[in-house]
Every structure is written in structure tokens, then in C-alpha cells.
Amino acid sequence: MLSLFSNTLCVSVSLSSISPFLPSNRSYSELPLSQFSRSIRMPKVRTNRVKVPEGFELIEPTLLELQAKMREAENDTHDGKRKCETLWPIFKIAHQKSRYVYDLYHRRKEISKELYEFCLDQGYADRNLIAKWKKPGYERLCCSRCMQPRDHNFQTTCVCRVPKHLREEKVIECVHCGCNGCASGD
């Protein structure tokens with residue numbers, strides 16, 4: 001209900017509808033509208049819009065194509081495959097996306113640092129895997145699971161990390177990602 005007292009607009013509001021938003025130490029039955037609007041603070045509207053850096057439109061088609069392949073691999077049937085083999089295509093595509101962004105920035109130097117950081121922040125590439133690729137001995141690492149000792153028997157790294165000339169078996173497949181060998185000396 002609105003009423004007019006001495007040139008100020010007053011509001012009578014049902015307090016039960018807005019009581020969670022009001023401080024309890026004041027009476028709000030008849031306040032001027034200006035005081036009433038200052039006492040209730042509405043939350044700011046947040047937008048999910050992210051500013052895309054310059055040059056993203058050049059790499060976006062490749063990234064979208066890899067994302068489509070990823071969705072296809074996730075929705076693929078798992079009939080006739082071993083339990084560990086169902087994730088191999090997903091790991092392979094994730095590696096491919098990360099390698100694409102890594103090569104564009106570190107090897108070919110075709111994208112800016114801002115665009116590189118944007119791709120890492122938005123999840124287009126795996127930040128931890130790229131950090132390992134920068135270290136000597138890990139340039140060809142297939143996935144970060146292959147170097148974690150807690151995921152393997154005898155607390156060692158994966159068999160795909162063993163150089164080919166030191167392997168007993170010449171043809172191997174990593175149980176985690178299906179890699180045939182990612183040691184640096186191969």
C-alpha cells in the first residue's frame with residue numbers, strides 16, 4: 001500500500017515476505033521509499049561471459065572438432081572392450097588437444113601468452129600435463145597417470161615409460177591410456 005505523507009512516498013510492505021533480507025534492529029512498517037531501497041541490498045547480477053582473446057577464432061575450429069570427437073568417444077558403446085580399454089580414446093583425444101595448444105605456443109610460437117593462458121583456464125588443454133612436457137625426460141609423456149607410482153604395481157611408473165631398448169616385451173600397451181611407449185629415448 002502506498003501513501004503520501006509530507007511529500008515523501010511511504011511504503012507499507014508485508015514484512016514476512018522480505019524479512020530474511022532485513023536487519024532485525026529496525027521497524028520497517030512505514031519508511032520513506034528512499035530509505036527502504038537503501039536498506040535492502042539486492043545481489044549483483046553476474047554474467048558468465050568470458051572475453052575471448054584475439055586469435056582464438058583461428059584455433060577455435062580445431063578445438064571444436066576435437067571436442068566433438070571427445071563427445072563421440074564418450075558416447076561410444078563399450079561392448080566387447082575390456083574395462084580399461086573404454087577410456088583409451090578419451091585419454092588419446094585429451095592428449096591431442098593439450099599437444100595442439102602446447103605446440104602452438106611453445107614450439108611454433110603462433111599464439112599469444114594471453115590466448116595460451118585462456119585455453120588452459122577454459123580447459124581446452126591439461127595444465128599439469130603441459131607442465132611435465134616442459135621438463136627434460138617427459139617431452140613425450142602420454143598422460144599424467146603413467147608417471148604416478150601410486151597407480152602401479154610395485155610403486156613404479158608405467159611400463160610405457162620404459163625405453164624400448166630396455167623392454168623385455170617389444171609390443172606393450174599401457175593399462176591406463178593405451179600408450180605404446182612414451183619414454184623420451186624412444
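Q: With which residue does E117 form a salt bridge?

A: Side chains of opposite charge can pair when their charged atoms come close. In this predicted model, the partner of E117 is K113, and their closest N and O atoms are 3.9 Å apart.

Q: Why are E117 and K113 separated by about one helical turn?

A: An α-helix has 3.6 residues a turn, so residues three or four places apart point the same way. E117 and K113 are about one turn apart because they lie four residues from each other in helix α5. As for accessibility, E117 is partly exposed at 25%, whereas K113 is exposed at 51%.

Q: Which residues are linked with K113 and E117 in a network of salt bridges?

A: The network also includes D121 and R127. The structure holds seven salt bridges.

Q: Which residue pairs with D103 in a salt bridge?

A: D103 pairs with R107, with 3.9 Å between the closest N and O atoms. These two residues are four apart in helix α4, and therefore about one helical turn separates them. D103 is buried, with a relative accessible area of 19%, while R107 is exposed at 53%.

Q: Which residues of α3 are buried, and against what do they pack?

A: The buried residues of α3 are F56, I59, L63, L66, M70 and A73. They pack against α4 (88-107) and α5 (113-121), the helices that hold the pairs D103 and R107 and E117 and K113 respectively.

How values were computed: Residues numbered from 1 in each chain as written. Predicted model: local features only at pLDDT ≥ 70, side-chain atom pairs only at ≥ 80, totals over all residues. Heavy atoms only, no water. Buried < 20%, exposed > 50% of the residue type's maximum accessible area, 1.4 Å probe, protein only. Contact = heavy atoms within 4.5 Å. Salt bridge = Lys/Arg side-chain N within 4 Å of Asp/Glu carboxyl O.
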